[in-house]
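Let's walk through this model together, one question at a time.

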Amino acid sequence: MNIFKIIEEIEKFDPEVYGRLDSRRSAFKNLGSLGKKTALAAMPLALGSVFQKAYGQGNSMVLEILNFALKLEYLERNFYTQGLAASGLITDSAARGAFEKIQMHEAAHVDLLITTIQSLNGTPISEPTFNFGKNFADWNTNYQTFLTLAQAFEDTGVRAYKGQAANLINNDTVLTVALQIHSVEARHAAHVRRMRSNKGWIEGAGDNSDVPAGAQPVYAGENNVMQGSINDVKTVGEGYSAAIATGAFDEPLTKEQVAQIVSLFE
Amino acid sequence: MEKPTQKQGQQDKAGTGIVVPQRRMFLRYAGATALATTLLLTTSCDDDDDETMPTDPETVDLGSGDTGILNYAYALEQLEAAFYAEVVAKSLGMFSQTEQQIMQDLKGHEGIHRDFLKAALGNAAIPDLEVDFSTINFNDKNNILATARTFEDLGVAAYNGAGQYLENAGFLTLAGKIVSVEARHAAVIRDLISNGTFSDTADNMGLDPAMMPADVLQAAAPFIKNKISANNLPK
């Protein structure tokens, strides 16, 4: 079997085959790490798995991530819908306008994620029951509590999408949609933060985010200064303060960290 | 600002476009259509037997693969950093105290993005770009804010569009760490211009724009003196 001949053949109808396979570099590395004899014997099988990954029968991780995102979007939509409906909660007209806009985006995200999941032959999760009053009893009567939770949800959303980007690296379409949602969540976050007289960006581990202790997990790890191969990003160029260095980079949250935050409202 | 230096180029003397197997692979990988006679290698080019091409000295080639995408981001961060440095140097007095803090933060954030990318790229980094701010009136607050909005929204759309071209998961996450901060900037600047317009860039599906490098560079071109070539970027 001549693997390169096969790839050349594939290139005739898929010019991007090299790019697809390159993103599967680790799969090739695995091939190479087998003993030569074993490698030859295992070639058809291993090759099959390379192509399956490259051409995405393996949508299960993508679907899992999309459902994970859908749960967060359900939470946000539900929160703003209820908040806007709560009498006497959001009275200022500019604030209402902002939350109506945000609610509309979250609702659009819910719809888009459902459509995307279905288009990949997956099953969208149905909307869970949320309990916003579980740990924040006055969430829909005290405007300041509502604002605090809105900030926490938006900053969590930004971090949650960011944490899954790398897992979508082999599906360009879904990755791009996720990025396009991610930056909208960041815009929301900045606005809500400023409604609370906070800066639009996160400095330190929530040092400038003004949330109660119970909501601190939202900002865990935001004080990270190790970026890529740079051990301390404060030291690049002529040097930067910790506030600038942490404010300039938003940090991801893992699925587990996000689930822990969401569980405060379930 | 430092004068940009020409990247070392390699000429294909035979004119076939195929010099060494690695290059053939590289060309195919980069999706280069013209089998280039002016292919610029920005990485691992250490055989200097070949002639240096006397091409337009102002053209900066971003390179290929992930390096090319990171250089593309580096170019945009250079532009933004230079802009806010200028705003803080020339125009701070026009802004309220809160706004002054915002401008200082933006200068810092874009500065550290630029310096971080330069450090991460190492030898593969493009040279310092020469900016052209002659069309910006630094005595006019509205003009400054409008320019800031253009740069920030453009930055967000650029990162959103380029993420799909990154092959290294670590780089993708890093780009994600930066783009959401750009989006925060964009939202704050938009609100300074007109409160409540923070996310008006989103379409009816609630999605921010994602722009391709060629379109982004065209929009940025009036503010950068160097010609920037994205020809070898992944497509």
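Contact here means heavy atoms within 4.5 Å. This is a predicted model, where local features need pLDDT of at least 70, side-chain atom pairs count only at pLDDT 80 or more, and totals for chains, interfaces and linings use all residues. Residues are numbered from 1 along each chain as its sequence is written, chains are lettered from A and ligands numbered from 1 in the order in which they are written, and side-chain values use heavy atoms, with hydrogens and water left out.

Q: What share of the contacts in chain B with a separation of 6 or more is made by residues 24 or more positions apart?
A: Start with the contacts in chain B that have a separation of 6 or more.

Q: What percentage of the 235 residues in chain B is buried?
A: Buried means under 20% relative accessible area, with a 1.4 Å probe and protein chains only. Among the 235 residues of chain B, the buried share is 56%.

Q: How are α5(A) and α7(A) oriented, roughly parallel or roughly antiparallel?
A: Helix α5 of chain A spans residues 60-85 and helix α7 of chain A spans residues 143-165; their axes come within 11 Å and cross at roughly 165°. Angles over 145 degrees count as roughly antiparallel. Therefore α5(A) relative to α7(A) is roughly antiparallel.

Q: Which pattern does chain B follow along the sequence?
A: Helices (H or I, at least four residues) and strands (E, at least two) are DSSP runs, numbered from the N terminus. Chain B has 6 helices and 2 strands. Along the sequence they follow α-β-α-α-α-α-α-β.

Conventions: Axes fitted to C-alpha atoms, helices over the stretch in contact; angles between N-to-C directions. Parallel < 35°, antiparallel > 145°, perpendicular 65-115°, else oblique. Buried < 20%, exposed > 50% of the residue type's maximum accessible area, 1.4 Å probe, protein only.
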